[in-house]
Amino acid sequence: MIFFELKLLSRRMLSLAITLAATALVFVGVFPFMDESGLLAQLSEKLDLLPAFLIRMFGLADLPDFTSFPHYFNLCGFYMLVKLSTVSCLMGCESLISEETDGTIEFLYAMPISRAYIAFSKLISRAIVIVALNILFGLISYAAFFYMEEDPVFLLRSVSSAIIPQLCYLITGMLISTMLRGSQSASASSMSLFFFTFMLGILPSMIGKWSKLEYLSPTTAVIRYDFMTVGFRPYWPQINFLLVYSIIALMITIVIYSKKDMKLQ
């Protein structure tokens, strides 16, 4: 069933792969022109004028020099993290409700497999897609650093760390999928999930307190206050929390899905 799910996801994976590659190429392509025009130098100078909470919120504690390609390319990494996190939310929210909406649940009922196996198959297939897309972005990033003759010292850690929140969003989306009445609401639910948790993550930086709210935002597990200079890096206390949460959320997902009354056509 995992290969069947991967076949269904192949078109979306190809579309995302093209988008990731095109975006990275644009970032690399415009860098020389922006650097020569002085725009990047001006941007670096203007960062000193930002309020303190914005500096913390966007990982500017160590003010980056955007004329340095690694610092500049971390903007691309941030975009990719947001993009793939929202995609992970959407794939999770669609995962367990799609058969009921599409009218293919009878096909699954006819197969000698448990609902727990169905849930695990959907999780594993979507996790493979997420990991593959991140590997692709990592290879493109390495090629970009090689082309620009820069040392990719933080690149492997940054790309691998970005996978953690995406998988957490996938599992959370699957939990939400067991509660949806139709796949039509999956898109709205996934966007709400990502941006609500993202706002929870930046709220402590804005108000200067309630720092534990960061634990409710998977992205802050890798977006630390210096990510613009050194890339993403794991914050292990929060990652351990997300690991425990993900296991519990997955168990609840399987229990709810196993007892759910399916809508047969």
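Author: What follows is a talk through this model, which is a predicted one, going from the overall fold to single residues.

Reader: Which residue does Glu5 pair with, and how far apart are the closest N and O atoms?

Author: Glu5 forms a salt bridge with Lys122, with the closest N and O atoms 3.1 Å apart. Because Glu5 lies in helix H1 (residues 2-37) and Lys122 in helix H7 (residues 115-147), the pair ties together parts that are 117 residues apart in sequence.

Reader: Is Glu5 buried or exposed, then?

Author: Glu5 is buried, with a relative accessible area of 2%, and Lys122 also counts as buried, at 1%. Arg126 forms a salt bridge with Glu5 as well, at 3.0 Å between the closest N and O atoms. Since Arg126 lies in helix H7 and Glu5 in helix H1, that pair ties together parts 121 residues apart in sequence. Arg126 is buried too, with a relative accessible area of 6%.

Reader: Which residue meets Arg12 in a salt bridge?

Author: The side chains of Arg12 and Glu94 meet in a salt bridge, at 2.9 Å from N to O. This pair links distant parts of the chain, with Arg12 in helix H1 and Glu94 in helix H4, 82 residues apart. Arg12 is partly exposed at 29% relative accessible area, and Glu94 is partly exposed at 23%. Separately, salt bridges that share partners join Glu5, Lys122 and Arg126 into one network.

Reader: New topic: how many aromatic pairs does the search find?

Author: A search of the whole structure finds 15 aromatic pairs. In one of them, Phe69 and Tyr72 have ring centres 6.3 Å apart and planes at 40 degrees, so the pair is tilted. The two residues are 3 apart in helix H4 (residues 69-95), and are therefore separated by about one helical turn.

Reader: Which residues do ring pairs link into a cluster?

Author: The cluster is made of Phe27, Phe31, Phe69, Tyr72, Phe73, Phe137 and Phe145. Within it, Phe69 is buried at 1% relative accessibility, and Tyr72 is buried at 4%.

Reader: Last one, which residues form the nonpolar patch on the surface?

Author: The patch is formed by Met199, Met206, Ile207 and Trp210, which together have about 410 Å² of accessible area. Ile207 lies in helix H9 (residues 186-207) and counts as partly exposed, because its relative accessibility is 37%.

How values were computed. Residues numbered from 1 in each chain as written. Predicted model: local features only at pLDDT ≥ 70, side-chain atom pairs only at ≥ 80, totals over all residues. Heavy atoms only, no water. Patch = residues over 30% accessible without salt bridge, like charges linked within 9 Å, V, L, I, M, F, W, Y side chains within 5 Å. Areas by Shrake-Rupley, 256 points an atom, 1.4 Å probe, with all protein chains shown as cover. Salt bridge = Lys/Arg side-chain N within 4 Å of Asp/Glu carboxyl O. Helix = DSSP H or I, 4+ residues; strand = E, 2+ residues; numbered from the N terminus. Buried < 20%, exposed > 50% of the residue type's maximum accessible area, 1.4 Å probe, protein only. Phe/Tyr/Trp six-rings, centres within 6.5 Å; stacked < 30°, edge-to-face > 60°.
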